[in-house]
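Subject: Structure handover, backbone notes

Hello,

Please find the structure below, with the sequence. Notes on the backbone follow it.

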Amino acid sequence: MSEEPLVLGIETSCDETGVGVVRGEKLLVDAIASSVDEHARFGGVVPEVASRAHVEAMIPTLERALTGANVALGDLDAIAVTCGPGLAGTLMVGVAAAKALTLALGIPLYGVNHLAAHVAVDIVEHGPLPEPVLALLVSGGHSSLLLVPDVTDDVRPLGATIDDAAGEAFDKVARVLGLPFPGGPHIDRAAREGQITIDFPRGLTTGRDLERHRFDFSFSGLKTAVARWVEAERQAGRDVPVADVAASFQEAVVDVLTRKAIRAAKEHGVADLQIGGGVAANSRLRALAQDRADAAGIRLRVPRPALCTDNGAMVAALGAQLVAKGRSPSGLDLPADSSLPVTLAHVPDQIG
């Protein structure tokens, strides 16, 4: 093995078939096949449809990644794969493919945590992660605050969503406003044309709620407040100002996310904040986070939008770190664990 490990990463936790290739800390290629269009007519991801799409896309995406990176399977030092958390059926497709490759090639297998991979991907964008770093991960399934002294084996949860994740709220509010799925990009675009004219609630930010859930998130009440406001306008015979509702809803979400992230960084004495996950592509979240980080004297790291959504590059990036730090590989009995805890950055062999 060379000093800089060449690792292929496979991501199938939801509706994106991602295959990335990383050499050390350098991203060589990030190939993605998305089934999002197949889910749009249902207004959300259908697990069975996503699993079939992964099976169909796996080999073409793998071949495209190897071609793009100008490497052969025989050049690889290791395979990394998302083994959780995520949809059980889709995870199994990726894990099965990774096991087949490692068995055929005789190289190590690393089953990695999807959330830890979202943190690790920033390495290929901005270089080595500070240790520790405070990570804010926001996506359709997760809204988490993590203290990360070492992304390969020391990830500590500080807070998480207690109901709807931020991305899920974006999707549901988009549906209320008649915007397409997935809702995040469409609300972001609509909000740029609107004004923040409605004071929607900020969950878990005051009183006893804040005391009990200092770094947790709740967006269910916000989603309901938006739906009731829109319904009241329609019942009154008034046109719903979609852009203004989108801007006001979006501001409520990103205000809570950034406020709690900055507070967590300050209270834990961490000078670096990293934001990842699909919602990290939101333009207002990135702008407000930068403003508040600058005001607090905190350094902000956010990968480019293409690396915020689910992708194989993040899995390969974490895999390369695991190899470089000499972490134990996984066994061929590696399970797909839809509820894999974030404290387990990767799953080492339980038998060997």
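Leucine 204 counts as buried, at 9% relative accessibility; buried means under 20% relative accessible area, exposed over 50% and partly exposed in between, with a 1.4 Å probe and protein chains only. Leucine 204 also has a positive phi of about 55 degrees, although it is not a glycine. It sits in the loop between helix 7 and helix 8 (207–212). Helices (H or I, at least four residues) and strands (E, at least two) are DSSP runs, numbered from the N terminus.

On the source: this is a predicted model, in which local features need pLDDT of at least 70, side-chain atom pairs count only at pLDDT 80 or more, and totals for chains, interfaces and linings use all residues. Residues are numbered from 1 along each chain as its sequence is written, and side-chain values use heavy atoms, with hydrogens and water left out.

Asparagine 70 is another residue other than glycine with a positive phi, near 60 degrees. Its place is the loop between helix 2 (47–69) and strand 4 (78–84). At 69% relative accessibility, asparagine 70 counts as exposed.

Two cis peptide bonds are also on the list. One joins glutamate 131 and proline 132, with omega about 10 degrees; proline 132 lies in the loop between helix 5 (123–126) and strand 6 (133–138). The other runs from phenylalanine 181 to proline 182, with omega near -5 degrees. Proline 182 is in the loop between helix 6 (166–176) and helix 7 (183–191).

These entries are listed because most residues other than glycine have a negative phi, and most peptide bonds are trans.

Regards
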